[in-house]
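The sequence and structure come first.

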Amino acid sequence: MTNIRRWGPGLLLVSPSIVLVAVFVYGLIGWNVKVSLSDWRTAVPSSNWAGLGAYRDLKSDPAWCCGPATNVRHIIIFTVAFIIGTLLIGVTLAFLLEKGVRGEGFFRSVYLFPMAISFIAAGVVWRWLMNPAPGDRSTGLNVIFDKLGVGFLANQWYLGVNWGMAAMALPAIWALSGYIMALYLAGFRGVPEELREAARMDGASEYRVYRHVVFPHLRPVTLSALIILGHISLKVFDLIVAIGGKQLITQTPAVYMWILIYDARDYAKGAAIATLLLIAISILIIPYLIYTVRSERNA
Amino acid sequence: MTSTAAPIPVAPVAKMRRRRTVEANVVRYALLALFVVIILLPLYVLIVTSFKGVTETDPSHAWSLPHVWTLDGWRQAWNSDQYGLLPYLKNSFKLVIPATVISCMLGSLNGFVLSKWRFPGADIVFTFFLFGLFIPYQAIMIPLTQLFGDTHFPEGIPRLVFAHVIYGIPITTLIFRNYYATIPNELMEAARMDRAGMIRTYWSVVLPVSIPAFIVAAIWQFTSIWNDFLFAVFIITDPSSWPVTVGLNNTTGSLVTPYNVQMAAALIASLPTLIVYIVLGRYFIRGLLAGSLKG
């Protein structure tokens, strides 16, 4: 510790990265907050102080909050549907695989492959699958419903007025369930076999082994999964652009920010949305980072 | 009484259990297969539609196999004037290769120092990096584009390479740090006994065993940079420098583009990452698990 000639070179080697992260992560975050508090509301940059003006505008913006077809409502519905769907499918797949099945490698590869595909490319095929037109002149799932004689299931998908954003979560669930499966599979396999065996010796049914031994062990995995899915969900952008474009009916905060910058040239308001996104995600992340670093130190 | 009574209930239970496991297995494989079908359904649509002629992409043929298999859609999506993705593909390769290589080198050096050549406060620096893993990039996008403009940073792809390298520091550092933590300290001690300096220790002890971590980090960076849309759409203003995600969105975003061309374009844009996934799948999973902070 005291021997600077020992650790000095290490610090020197990492210092370019420290400086880059300090400037480009923390410095630019500060700069963005400053833009959000400025009067830069046109294509001409301006850095005069304007207080919370942009935030106040956002609050009274009918597209932002909180009625039907507003950004905040959209992102909440999307997030809830996405997290519940992905967690349920991910845990189910891991549960089905955890005791070892023939062809496990094949199943795992199939479930994970959507992770390799961009949301832009996935959006192309999901827009086809979720074509909102009625079955006889549509593509995708509505046609299948029509042919199977369950035409009443045909629906407007992502263009549905109230719950469209839940349908918008389907491609995201498709893309990330395999990831959550991989997390849980590693979690299941991390439960010591002796613990299960001990519970069985005590006469516990298989159901009770899971309920009282296995699942309690998976709590840290669930926490990680929630954090990962939560932060992906709040900033969702490409998927929405690929499927819904700039339409108001599927607009989320990240998309609105993009429209504000590129179409309306309202930089302060765009920066205000970005700041709010950062705050929302930080509330999720910071306690988790502290918890992770601490438990690593204790281990 | 008890001694003779005991075995009696055991047998039926065992038999029942066996039957139950057979039934459970049938259910298990049925469910697994069902999910395989669901997950592969979009891939089926992509492939089948991409080989159809324009006339067959109407609703009445939506899910059927092509009557006539044709490469028309692929040809148009590949290099036609109207839809061709080829120039954007080239841009993506020009972006993703240097960005991935530089990120991996930086990550390896950082990870080595933060786990094996530690300085006081190394954990704090690591946490300081980690936060950068989760920030929404929207929160730096406006100042970043402004900074590029103000400093007259070379336009186009160099800006994207720079951005992906910087914002890749947290994840690559994490992957390498977690990997190096598994190298036994005795190896390091041996080098220390030889009075080897930091660079020599890295070069002759650590680097030779780093290949798996390089593969994991490279796959992660390759995939996420190839698939990135957000940075590209904010940073690149000139269409001739668009990477393939932006080009694809531009081709398919227009509702008049025929479905066969759209699907072929989506497949072409996904092929590089799909090939990486198929060839190096098990490293891909490791990278994913590293992303959850528990490598």
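## I84(A)

I84(A) is partly exposed, with 14 other C-beta atoms within 10 Å; a residue is buried if 20 or more other C-beta atoms lie within 10 Å of its own, exposed if 12 or fewer, and partly exposed in between, with C-beta atoms placed from the backbone. The residue is found in helix α3 (residues 71–97) of chain A. Helices (H or I, at least four residues) and strands (E, at least two) are DSSP runs, numbered from the N terminus. I84(A) and I173(A) lie 89 residues apart in sequence, but their C-alpha atoms are 9.0 Å apart in space.

Residues are numbered from 1 along each chain as its sequence is written, and chains are lettered from A and ligands numbered from 1 in the order in which they are written. In this predicted model, local features need pLDDT of at least 70 and side-chain atom pairs count only at pLDDT 80 or more, while totals for chains, interfaces and linings use all residues.

## Chain B overall

Chain B has 14 helices and 0 strands. The radius of gyration of chain B, taken over C-alpha atoms, is 26 Å, well over the 19 Å that the globule rule gives for 295 residues, so chain B is more spread out than a compact globule. The globule rule is 2.2 Å times the number of residues to the power 0.38. Along its principal axes, the C-alpha trace of chain B spans about 90 × 75 × 35 Å.

Of the 295 residues of chain B, 45% count as buried. Two residues are in contact if their C-beta atoms, placed from the backbone, lie within 7 Å. Among contacts in chain B between residues at least 6 apart in sequence, 78% join residues at least 24 apart.

## Domains of chain B

Chain B is assigned domain 1 (2–76) and domain 2 (81–290); such bounds come from an automatic or database domain assignment. The centres of the two domains, taken over C-alpha atoms, are separated by 35 Å.

Where they touch, 11 residues of domain 1 of chain B are in contact with 9 residues of domain 2 of chain B. On the domain 1 side, α2 and α3 (72–79) of chain B each give two or more residues, and α3(B) gives the most, with 4 residues. By class, this side has 3 nonpolar, 6 polar and 2 charged residues. Ala, Val, Leu, Ile, Met, Phe, Trp, Tyr, Cys and Pro count as nonpolar, Asp, Glu, Lys and Arg as charged, and the others, Gly among them, as polar.

## Contact between the chains

The contact takes 68 residues from chain B and 74 residues from chain A. Helix α2 (residues 7–50) of chain B supplies the largest share of the chain B side, 10 residues. That side divides into 49 nonpolar, 15 polar and 4 charged residues.

Helix α5 (residues 122–134) of chain B has V125(B), F126(B), F129(B), G132(B) and F134(B) as its buried residues. These pack against helices of both chains: α1 (4–36), α10 (219–234) and α13 (267–298) of chain A, and α4 (86–116) and α7 (157–180) of chain B.

## The largest nonpolar core

A nonpolar core is a set of buried Ala, Val, Leu, Ile, Met, Phe, Trp, Tyr and Cys residues joined through C-beta atoms within 7 Å. The largest has 175 residues, and V125(A), A265(B) and A266(B) have the most contacts inside it. Helix α7 (residues 164–189) of chain A gives the most to this core, with 17 residues. Domain 1 (2–76) and domain 2 (81–290) of chain B both give residues to the core, so the core lies between them.

Not counting residues up to four places away in sequence, V125(A) touches P42(B), V45(B), L46(B), M263(B) and A266(B).
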